[in-house]
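I opened the model to look up one chain, its opening element and the contact with its partner, and I note here what I found.

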Amino acid sequence: MIQVENLRKEFGTKTAVDGVSFSVQKGEVLGFLGPNGAGKSTTMRMVTGYFRPTSGQIRVGGVDMLENPEEAKRSIGYLPENAPLYSDMTVGSFLGFCAELRGLRGAARDKAIDRVLETCFLESVRNQSVDTLSKGYKHRTCFAQSIIHDPDVLILDEPTDGLDPNQKHEVRNLIKRMGENKAIVFSTHILEEVEAACSRAIIIDRGKVVADGTPAELKQRGNAVVRVVIKGAAGGSIRAEIEKINGVHQIEPGLSSDEQFSGRVLVTKGRKSADIAREIFGLASGQKWQLEELHQDEGKLDEIFRSITRSDTAV
Amino acid sequence: MNSKDIQSIWSVFKREFLAYFNSPVLYVIVVIFLLASQGFAFLFGRFLESDNASLTQSFFFWHPWIYIVLAPAVGMRLWSEEQRLGTIELLMTMPISPWHAIIGKFKAAALVWLIALLLTFPIVLTVFYLGSPDRGPILTGYIASYLYALGCLSVTSAVSAFTRSQVVCFIVSVAVCILLTLIGYPGIIDWFVKSLPASLEGGVRFVGYLSFMDHFYEMSKGVFVFRDVLYFLSVIAAGLMLTGLALRSKRA
């Protein structure tokens, strides 16, 4: 349903999106991951026809977005970042306006409004002014707008941003359910969401796709991690001993002092975290250290995300 | 233009006009316009003292000065608000052409002015009651006045597409409207013609010809010339075109 090829976007001298390609089929839910400023929103704005790409191709439902935007936009539902709304309208009239722009009139329009009000649990605020709604309701109102014409393609920019845990859960289930017969792209930086709702995920960093695969495939790309807290010797010397273990890729130290070391031990790819944990345990008992904590994480998405996106905040 | 285009424009127009209607803007503007236009006519225009059954000097004469301030006040929300709220992203990803939105919004603001102008009817009744005025100048006066308002509105529409701040839009629009009005003000043109070398007179007259005032004056005196109407229609078209370009450059 969505085919994006070699998408580039430059703002002045800054390249926001640099050669992004992906495609999404019907029945697929694609998670769009990346640190802030990686180019997620810019990419989505280009796919929805808001921004014009510097170069590249976008086809939605077989229609070229650049050559025939009005036609291509027809099959897309879009939830922009921050869920913008006309603050002077009521929920019902806002949805009516969106339905009309989507070409729904008369009875079809009223039916569509009723349907999305029900799907998004908005019936109770139908006649309330958008101004007076809480953030969760505002978000759902904008979400309702995106599915009012029952589109084949849904593009959601951070659909769970600012929702409480119950609402997040609800939206995730909604995405999953609709993903069965639509092509959905949604961006997030909450990684558990990707595991919960996506059939595929793309990680994008500094405008480039750096990983593409199912959540399970992506997990295998990362280093497993062993978290340790050891007491009984100076932090520095404990760290030096652990580093000698064969199969330790890198150590991210946490809180260390004269009598304790804590940190995260990254396991070399291909080695099992269980083996390394056993070795650390052996080392500790040999040295008469007290092992306060030993915890293994088998390739979490977080780790992969952190290891392959070099965010500006990283030291 | 097929029926789908008309429906898209109608939807945008309806939303925009209801936004005016549901906010104090419409009422405040209309009331101030009525107070100002009637007040100027009676106080400065010497509507009664002049003993002349005509609205040209006493009533329409003041309209440009009112529009300079009030038209930007009506138009400043057109695109600035859309950008501030971020709803422009919704509007521009709908399956409609940007022109539908531009025209629909402009028409809504234009209707606000039509209402305001029609509500000045008591002064027309008065002049008919007191004397027997020439109908032509009154009709062309109203048309000229409305076109003037739309000219200022189209300028405001273009400026509002450039900024997300209504205040900036208002100030810049007022400045542009003042400029477009003053460059054609007879006194100012005469001053320039006198103080500049004679060879430049043609240039000054030409610049003056581009101003709103020049065309407004002719029409409000009852000289209904097609080229003056055409002038205002081109100003409106240019304003809307510039709006479209500005919106496109924001998305480019």
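I took helices (H or I, at least four residues) and strands (E, at least two) as DSSP runs numbered from the N terminus, and the expected span of a helix as 1.5 Å times one less than its number of residues. This is a predicted model, in which local features need pLDDT of at least 70 and side-chain atom pairs count only at pLDDT 80 or more, whereas totals for chains, interfaces and linings use all residues. Residues are numbered from 1 along each chain as its sequence is written, and chains are lettered from A, ligands numbered from 1, in the order in which they are written.

I checked helix H1 (residues 3-21) of chain B: its 19 residues should span 27 Å, and its end C-alpha atoms lie 26 Å apart, which agrees. I then listed its buried residues (20 or more other C-beta atoms within 10 Å of the residue's own, with C-beta atoms placed from the backbone), among them B:Ile9, B:Phe13, B:Phe17 and B:Tyr20. Looking for their partners in contact (C-beta atoms, placed from the backbone, within 7 Å), I found helix H3 (91-101) of chain A together with helix H2 (24-43) and helix H6 (98-118) of chain B.

For chain B as a whole I counted 13 helices and 0 strands, and 43% of its 252 residues are buried. Of its contacts between residues at least 6 apart in sequence, 81% join residues at least 24 apart.

Turning to the contact between the chains, I noted 20 residues from chain A and 19 residues from chain B. On the side of chain A that touches chain B, helix H2 (69-74) and H3 of chain A each give two or more residues.

Key. A residue is buried if 20 or more other C-beta atoms lie within 10 Å of its own, exposed if 12 or fewer, and partly exposed in between; C-beta atoms are placed from the backbone. Two residues are in contact if their C-beta atoms, placed from the backbone, lie within 7 Å.
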